[in-house]
Every structure is written in C-alpha cells, then in structure tokens.
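User: Please take a close look at one part of this model and describe how it sits in the rest of the chain. One connected account is enough.

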Amino acid sequence: MIWETIYGREELVRTLQEAIRLDKVAHAYLFYGPAGIGKKTIAQAFATALNCLDGQKGCGACLSCRRAAAQIHPDIHQIEPEGKTIKIDQVRRLKKYAYLKPRESRYQIFILRQADTLTTEAANSLLKVLEEPPAGSLFLLLAENLSALLPTIRSRCQEFAVGRLDKQSMAEFLRRQGRISDEQLAGIMVWAEGIPGRALELADSQARQQLYQEAVLYLKELAEGKGISSLAAKLAEAEDLTAVIDAMILVLRDLLISPAAGKNPEILAGNETILLTQLTEKWNRSACLAAIPVLLKLQTDMQNSINIRLALEKVFWDLKEVYTCANSCGNSL
Ligand SMILES: [Zn+2]
C-alpha cells in the first residue's frame with residue numbers, strides 16, 4: 001500500500017482517503033511545511049492512489065501504481081523550479097496538458113514542487129486554470145513559505161499544514177530506512193527535530209557538523225555587532241532555513257549544558273568544543289535562556305503566513321537585545 005510510505009500522519013491520510021472514497025476530491029490541494037517534512041511523499045501517495053486501478057486504494061501493485069512509483073506515469077506530471085523559480089513557460093506547458101483529457105487514467109495530476117517560487121506572471125497564469133479547472137485535472141501544490149503564494153491561489157486550494165513528526169513516528173521512519181544503527185539513531189533524532197528528510201541528510205555526521213558551524217557563525221557574528229540586515233539577508237538565502245534555525249537552538253542548548261558536560265561531551269548535540277568555547281565568552285547563560293524562546297517562536301511563526309525576510313530581521317533585533325541586555329546587566333541566572 002502506497003499510504004504506508006507516510007509516517008505519523010493518520011488524520012491527514014484519513015482525510016485524503018475519505019475524499020477519494022466519497023468521491024469528493026477537490027481540484028487543487030496545497031500541502032505546506034518546512035523542507036524535508038514529507039510534502040512530496042504525501043503528494044506522490046495521493047496522486048498514486050487517485051489513479052490506482054484497484055479501487056483507488058493505492059495498492060502499489062497495479063500497473064498505474066508501479067508507473068507512478070517509477071515516476072513514469074503519463075498522467076502524473078512533476079513541475080519544479082527551473083533555476084530558482086517556476087516560470088511562465090512552465091505553466092503554459094502545464095496548461096497545454098491540463099485542458100486535455102487524462103491519457104489513460106481517471107485523473108491528470110500536476111504536482112507543483114516549491115509552488116512558492118512561482119513568478120508573479122506564472123502564478124497569475126496558473127490562477128486562471130485553478131479558477132476554472134478542467135474536469136479530470138487536479139493540482140497538488142507544495143510550499144514552504146505561504147506568504148510567497150498569491151492569496152487568490154491559496155483560496156482555490158484545500159490547504160493542509162504538514163507538521164513535524166512526533167518522536168515515535170520519527171524513530172519508526174528511521175528504523176525502516178534500515179541503514180541507520182541504533183547508536184546513530186539518538187543523535188540524528190536530536191538534529192532532525194521531527195523532519196524526516198533532514199534526518200536522512202544529517203545521517204552523515206559531517207553534514208551535522210557543517211550545519212552546526214553555520215549556526216555558531218550566526219550567533220558569533222551577531223555578538224560581534226555585524227549588521228542585522230545583512231545577517232537576515234544571508235540567513236533568508238540559506239538552502240534550508242528551518243534547519244539553520246533549529247541548529248541555532250541546539251547550539252544555545254549546548255552552551256547551557258556545556259559546563260555540566262565536562263568529561264561527557266557526547267551529551268552535546270555538536271562535537272565542536274573549540275567553536276563552542278568561542279561563544280561561551282559571548283553568550284552567557286541568561287542570554288541563551290532568553291534567546292531560545294525567540295527562536296522557538298520563529299519556528300512556530302514560520303508555519304504561518306509571514307514575510308520570512310522581515311521576520312528574520314525582527315528575530316535578529318530581538319536576539320541582539322537579549323544578548324546586549326544579558327551582557328550589560330552582567331547577571332547570570
Ligand atoms: Zn494500484
């Protein structure tokens with residue numbers, strides 16, 4: 001069953017399955033959440049089930065399901081940014097197909113990855129087809145940053161937030177991957193923070209180290225008085241913004257527990273004791289304690305429709321304030 005590729009999202013899966021069962025499938029869906037959270041897997045499973053020849057169960061065994069799994073299904077189209085954006089020409093090509101009947105299945109499905117990168121022109125063109133969707137065509141939009149999508153596009157879609165996995169589902173997901181040992185599991189769980197795609201990327205300790213260094217650098221530069229706007233601009237361009245923010249929280253946590261770590265450095269998320277020492281002089285206990293909630297709030301806000309760049313700038317101002325206050329007051333909690 002294709003639905004088994006989705007972990008810990010029983011309610012979401014049930015809703016999609018019910019829509020199929022009751023024949024109440026919408027013309028457009030929007031799945032949103034951070035990079036690596038599993039939006040693509042969900043869209044893929046839904047598209048496969050919709051065209052499954054065995055009563056739309058998503059059997060995984062029929063010809064349609066097998067073609068979908070191999071990404072060679074003639075009625076399932078994948079659209080992703082060419083360069084940094086999804087362009088008008090790509091939407092024009094999509095529309096050429098969308099107004100035709102499905103070639104051999106019940107639905108013709110268009111999966112738009114990173115739909116938040118649609119150029120304005122492309123978004124307006126897509127809007128026209130979403131406003132009067134051709135029968136048999138269905139659009140699955142995937143996005144990280146909701147504020148980058150036109151409200152008119154959003155209003156045409158059924159929206160689903162794809163949240164972080166709980167610990168149990170995450171552990172289950174990682175165990176099923178088979179290539180991660182029990183020893184590695186605990187460490188990866190800390191870093192992945194409920195994001196399965198990130199867990200796979202960070203299974204390699206070198207990748208974790210790199211992310212940790214990046215997070216240390218932001219905190220260091222902030223303390224050294226680097227301009228807020230340039231820090232926010234740099235972070236906004238990060239390949240995986242959520243991962244860097246989560247890593248900053250891990251670094252602050254490490255700073256808090258590092259005095260107690262002593263001979264047990266393995267309790268720290270990073271193994272960068274030298275880097276951490278550089279920060280210890282700058283980020284004292286009260287600064288860390290005040291900064292963590294600021295970043296946690298940003299994580300929550302990022303799930304909603306906000307202007308990322310402005311939000312980052314505000315966060316850096318808040319962090320600078322807590323840092324400055326903690327240092328000038330000279331107190332430690
Ligand atoms: Zn099937």
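**From a loop to an enclosed strand**

Analyst: Asp 23 lies in the loop that links helix H1 (10-21) to strand E1. The model is a predicted one, and Asp 23 has a phi of about 55°, a positive value although the residue is not a glycine. Most residues other than glycine have a negative phi. Asp 23 has 7 C-beta neighbours inside 10 Å and therefore counts as exposed.

A second residue can be described in the same terms. Gln 71 also is not a glycine, and its phi is positive, near 60°. Its place is the loop between helix H3 (63-69) and strand E2 (76-79). With 9 other C-beta atoms within 10 Å, Gln 71 is exposed.

The loop that holds Asp 23 ends at E1, and E1 leads on to the strand of interest here. Strand E1 covers residues 28-32 and pairs with E4 in the parallel sense, over 5 bridges. In this pairing Leu 30 has Leu 141 of E4 as its bridge partner. Strand E3 (residues 108-112) is likewise parallel to E4 and joined to it by 5 bridges. There, Ile 111 stands opposite Leu 140 of E4. The chain passes from E3 through H5 to E4, a β-α-β crossover that is right-handed.

How much of E4 is buried? For strand E4 (residues 137-143) the count is 7 of 7 residues, so the strand is largely enclosed by the rest of the structure. In a regular strand the side chains alternate between the two faces of the sheet. In E4, Ser 137, Phe 139, Leu 141 and Ala 143 are on one side, Leu 138, Leu 140 and Leu 142 are on the other, and both faces are covered.

H5 (residues 120-131) has 12 residues and spans 16 Å from first to last C-alpha, close to the 16 Å expected at 1.5 Å a residue. Its buried residues are Ala 122, Ala 123, Leu 126 and Val 129. Viewed down the axis of H5, these buried residues fall within an arc of 120°, so they line one face of the helix. Helix H4 (88-98) and helix H6 (151-154) are included in what covers them. Thr 120, Lys 128 and Glu 131, on the other side of H5, are exposed.

In soluble globular proteins, nonpolar side chains tend to be buried together. The largest nonpolar core has 60 residues, and those that touch the most other members are Phe 46, Ala 47, Phe 110, Ile 111, Leu 112, Leu 140 and Leu 141. Helix H2 (residues 39-51) gives this core its largest share, 7 residues. Setting aside neighbours within four places in sequence, Phe 46 is in contact with Leu 16 and with Leu 140.

Of its 333 residues, 38% count as buried. Among contacts between residues at least 6 apart in sequence, 74% join residues at least 24 apart.

Terms used:
Residues numbered from 1 in each chain as written. Predicted model: local features only at pLDDT ≥ 70, side-chain atom pairs only at ≥ 80, totals over all residues. Helix = DSSP H or I, 4+ residues; strand = E, 2+ residues; numbered from the N terminus. Expected span 1.5 Å × (residues − 1). Buried ≥ 20, exposed ≤ 12 C-beta atoms within 10 Å, placed from the backbone. Arc of directions from axis to C-beta. Contact = placed C-beta atoms within 7 Å. Core = buried A, V, L, I, M, F, W, Y, C linked by C-beta atoms within 7 Å. Pairing = 2+ DSSP bridges. Right-handed = clockwise from strand over helix to strand, strands pointing away.
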